[in-house]
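Subject: Structure handover

Hi,

Here is the structure I promised you. Please open it alongside this note. My findings follow below.

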Amino acid sequence: MSLPDGPDAASDEDLTALVYAVEGVAEIFPPAPVAARIPTVVSALISGSGAERLVRVEAADEGGRRTVRARIGTDRGVSTPDTARHVADLMLERITGDGIVHIQVARIS
Amino acid sequence: MTNLASIPLECGKTLDELSDYLAADRIPYDPHVETCPDCLNALTALARLAELSRDLISHDAEQLPPAPENWLRTILASIRDEIRAGRSLPIHHADPRARITVTEGAVRALIRSAGDDIDGLVIGKCEFVGDVEQPGAAVEVNVGASIAWGRPFAELYTPLRELIYDLLHRHTELNVTSVNVTIEDIHGFDPALSGHVPS
């Protein structure tokens, strides 16, 4: 997998691909409740692009700090804390300074 | 379905809608449901319940003590009440810039799904008593279950408790001080015990 090397340079798509590659990650969910993302959902319905456009890791500047948010589902055959920490480590490598990484495990299946 | 199933989950979907979606083999594709962890957890529980209900109806027709009248309603109530994300269970990370949590709903759904896989058991309520958002705080786990007609409680009790301890140890960092399992109902009929009439 080829990803940008520089801090804060990775796109949402790059980060999403990176998270999917972590052992124990079974799913990625939209970071915000779907109700708050109605335009995106409608767009996905119209375009027929399905879940790919909805599920992704999101990186944004919040209050001047780079913030990465990932909402994931884990495989119950693998330790959830280990999986989540692994994801966090990878995201931390891609932010600078006082950036923040939020990982929420919303499903274990 | 019951009125209870018409009450929306936090995401806006109802168990009625999810049940209909499941009955239609998840067609047409619903991008909300398929990307919503609460809906997916509910679908898993509803699928298991539907399978069990079909078995019960099938056995009912042949030879039965009937299932308790409110049994399905009770299980549905538990699914609806416990499917929400709920509190955030913290996971430690050495770097303070990383904030990791597991939703209470994810863990409850895991316990329900794994418990339902034990032949003869259906998980009802599942609750965590204690400050689960505080690392290291003592947490008590209370699980209610329905047991298949004729199955000895002792045969299922220990495997279920051990399973819950193992799941919580593997998937959370909760300080679990006790797991209490209560058999709250009896359902159906176990064909493996067809020659046995419970006293």
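Predicted model: local features only at pLDDT ≥ 70, side-chain atom pairs only at ≥ 80, totals over all residues.

Strand β4 of chain A, residues 100–108, is joined to β2(B) by five bridges. The two strands run parallel. Further along, look for Thr101(B) in β2(B), which has Gln104(A) opposite.

β2(B) also has a partner within chain B. Strand β1 of chain B, residues 88–91, is joined to β2(B) by four bridges. Here the strands run antiparallel. Leu89(B) has Val102(B) as its bridge partner in β2(B). β1(B) and β2(B) make a hairpin, with six residues between them. So much for the strands.

Now the interface as a whole. Chain B puts 30 residues in contact with 37 residues of chain A. The buried area between chain B and chain A comes to about 2,700 Å². Carbon and sulfur atoms give 57% of that area. On the chain B side, Thr35(B), Arg97(B) and Arg99(B) lose the most area to chain A. Together they make up 25% of what that side buries.

Next, the polar side of the interface. There are 17 residue pairs in polar contact across the interface of chain B and chain A, counting pairs with both residues at pLDDT 80 or more. Several elements of chain B each supply at least two residues to the side that touches chain A: α2 (31–34), α3 (37–62), β2 (98–103), α5 (104–116) and α6 (153–171). β2(B) gives the largest share of that side, with six residues. By type, the chain B residues that touch chain A divide into 13 nonpolar, eleven polar and six charged.

Salt bridges: the count between chain B and chain A is two. One to look at is the salt bridge between the side chains of Arg76(A) and Asp117(B), at 3.8 Å from N to O.

Last, the rings. The count is one aromatic pair over all chains. The ring centres of Phe153(B) and Tyr157(B) are 5.1 Å apart and their planes stand at 55°, so the pair is tilted. Both residues lie in helix α6 of chain B. Phe153(B) and Tyr157(B) are four residues apart there, about one turn of the helix.

Best wishes

Methods
Residues numbered from 1 in each chain as written. Chains lettered and ligands numbered in written order. Heavy atoms only, no water. Contact = heavy atoms within 4.5 Å. Buried area = accessible area lost by both parts, 1.4 Å probe. Salt bridge = Lys/Arg side-chain N within 4 Å of Asp/Glu carboxyl O. Polar contact = N/O pair within 3.5 Å; in protein donor to acceptor, adjacent residues only side chain to side chain. Nonpolar A, V, L, I, M, F, W, Y, C, P; charged D, E, K, R; others polar. Pairing = 2+ DSSP bridges. Phe/Tyr/Trp six-rings, centres within 6.5 Å; stacked < 30°, edge-to-face > 60°.
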